[in-house]
Amino acid sequence: MTAPTTTAARKGGRWIEQWDPEDETFWREKGERIATRNLVFSILSEHIGFSIWSLWSVMVLFMGPEYGVDAAGKFFLVAMPTLVGGILRVPYTFAVARFGGRNWTIISAATLLVPAITAAAVMEPGTSYTTFMVVAALTGVGGGNFASSMTNINSFYPLRKKGWALGLNAGGGNIGVPVIQLIGLLVIGTAGAAHPRLVLAVYLPLIVVAAALSALFMDNLAPVRNDSGAAKEAARDAHTWIMSLLYIGTFGSFIGYSFAFGLVLQNQFDRTPLQAASLTFIGPLLGSLIRPVGGRLADTRGGAKITLWTFAAMAAATLVVVYASAQKSLPVFLVGFIALFALSGLGNGATFKMIPGIFRAKALALGLKGEEAASYGRRLSGAAMGLIGAVGALGGLGINLVFRESFASAHSGTPAFVSFLGFYAVCSAVTWAVYLRGARPAPAPPAAEPDTHDPRPERQPAYVDV
């Protein structure tokens, strides 16, 4: 039976009162069209949010000796937004249910004006380092946008399409990193490194446009409600923290490397700001473009399998980077480092797809069926996504702090890369041990309900092909 969908004017916004994406008739007749429209404008807003979040990875390229900030100080400067962005992901996750997905997208997009305007005001020699740190921290609001956007889109799509939809949403957002880096390259290459405010002049009107389009074309889902019980249950669930660890390995790598790439090129290979800017965008661009592919592969092959192979490949790419770093070979370094970006993007899509599958598996293990199981899975996965996204973003902070210490003590990034290699090995072992060892194959949808009996549901959620 098709679930009726009505939009009511409530709380000052466009509200859809009933939503059942798992009903194939409803999805075909109404749901897919509405979900796609919301996805498009969610991507736009999140894209600009990522650009502002990574603003200081570009601003530091404009900061020559006259700014009085050394390499260690710059690594700490680009780490600050990841810290704030990671923390903000938790409240941003719950803001969707509190205010509505459309309403919160408008608010979160408009909030990006604050860090953009303040950066334009202070970006000049003579500004104190403390002021730079405070303004850099403000850009963390762009990192919070990811959590609310992903939570919102997760509610619009059925489980069978979440990997692709979440991959597109996140990948389109992630592309905001290389885009702002390309704009920075354009400014440095044409106007010179003395004109960082031109980057902000591009983004200020784009922020206004994103907020306006969200108001005109997005919707709120009335059935999505904050559930403090779900948040507590997700926080108590071991899989939330296991997936947080894996997400540090994928997304934490992507955002950490994105912020640090230009500084590594400048300090390890003596690249000029223009030379660094001409290379910095390549890795984040590839990582962003490939993220939906990771989600698609996870939909068809299983997220855990793709995640495992991704971590193994990331370890191999890190070995290449360690060798190139020790030998001071820029061409080999670029091959290995850009491969790390691409693989982290692939892993982002696969790892995030695992989250709703894991909680759907738990629902089946508890004996729930049909829409009841789907509702339970959406309830807990939505709550878990905020926590997992926050911890993953803090992985970017860790990467920049490790780089800072590495360059401060050894004047090289080699020790940092060796530590990252060990972490990827740990992530590979955890993925295999928890989600693949002894897992049963998934039943073929949309056949009868799968066998819900599992003597170890906490250790074997992978039987629904997470």
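1. In this predicted model, helix H5 meets helix H10 through Leu113, Ala116, Ile117, Ala119, Ala120 and Ala121 on the H5 side and Arg197, Leu200, Leu204, Ile207 and Val208 on the H10 side. By class, this contact comprises ten nonpolar residues, one charged residue and no polar ones.

2. The geometry of that pair is as follows. H5 spans residues 113-122 and H10 spans residues 197-217; their axes lie 10 Å apart and pack at an angle of about 160 degrees. Angles over 145 degrees count as roughly antiparallel, and H5 and H10 are therefore roughly antiparallel to each other. Their crossing is left-handed.

3. A second pair to inspect is H8 with H9. Helix H8 (residues 162-174) packs against H9 at an angle of about 20 degrees, and the axes are 4 Å apart. This angle makes H8 roughly parallel to H9. On the H8 side the contact involves Gly172, Gly173 and Asn174, which meet Gly176, Val177 and Pro178 of H9. Four of the residues in this contact are polar and two are nonpolar, with no charged residue present.

4. H9 also packs against H13. The axes of H9 (residues 176-190) and H13 (residues 273-280) come within 8 Å and cross at roughly 150 degrees, which makes H9 roughly antiparallel to H13. The crossing of H9 and H13 is left-handed. H9 contributes Gln181, Leu185, Ile188 and Gly189 to the contact, while H13 contributes Pro273, Leu274, Ala277, Ser278 and Thr280. The contact of H9 with H13 contains five nonpolar and four polar residues, and no charged ones.

5. Which residues of H13 are buried? They are Ala276, Ala277, Leu279 and Thr280. The elements covering these buried residues include H9, helix H12 (238-268), helix H14 (282-301) and helix H16 (330-365). Two of the buried residues named here, Ala277 and Thr280, also take part in the contact with H9.

6. Finally, Ser57 deserves a separate look. Ser57 belongs to helix H2, which covers residues 55-59. Is Ser57 buried or exposed? Ser57 counts as buried, because its relative accessibility is 4%, and buried means under 20%. A polar atom of the Ser57 side chain lies 2.6 Å from the backbone oxygen of Ser54. Leaving aside residues up to four places away in sequence, Ser57 touches Val78, Gln181, Ser258 and Phe259. Among them, Gln181 is also one of the H9 residues that make the contact with H13.

Terms used:
Residues numbered from 1 in each chain as written. Predicted model: local features only at pLDDT ≥ 70, side-chain atom pairs only at ≥ 80, totals over all residues. Heavy atoms only, no water. Axes fitted to C-alpha atoms, helices over the stretch in contact; angles between N-to-C directions. Parallel < 35°, antiparallel > 145°, perpendicular 65-115°, else oblique. Left-handed = near helix turned anticlockwise from the far one by under 90°. Contact = heavy atoms within 4.5 Å. Nonpolar A, V, L, I, M, F, W, Y, C, P; charged D, E, K, R; others polar. Buried < 20%, exposed > 50% of the residue type's maximum accessible area, 1.4 Å probe, protein only. Polar contact = N/O pair within 3.5 Å; in protein donor to acceptor, adjacent residues only side chain to side chain.
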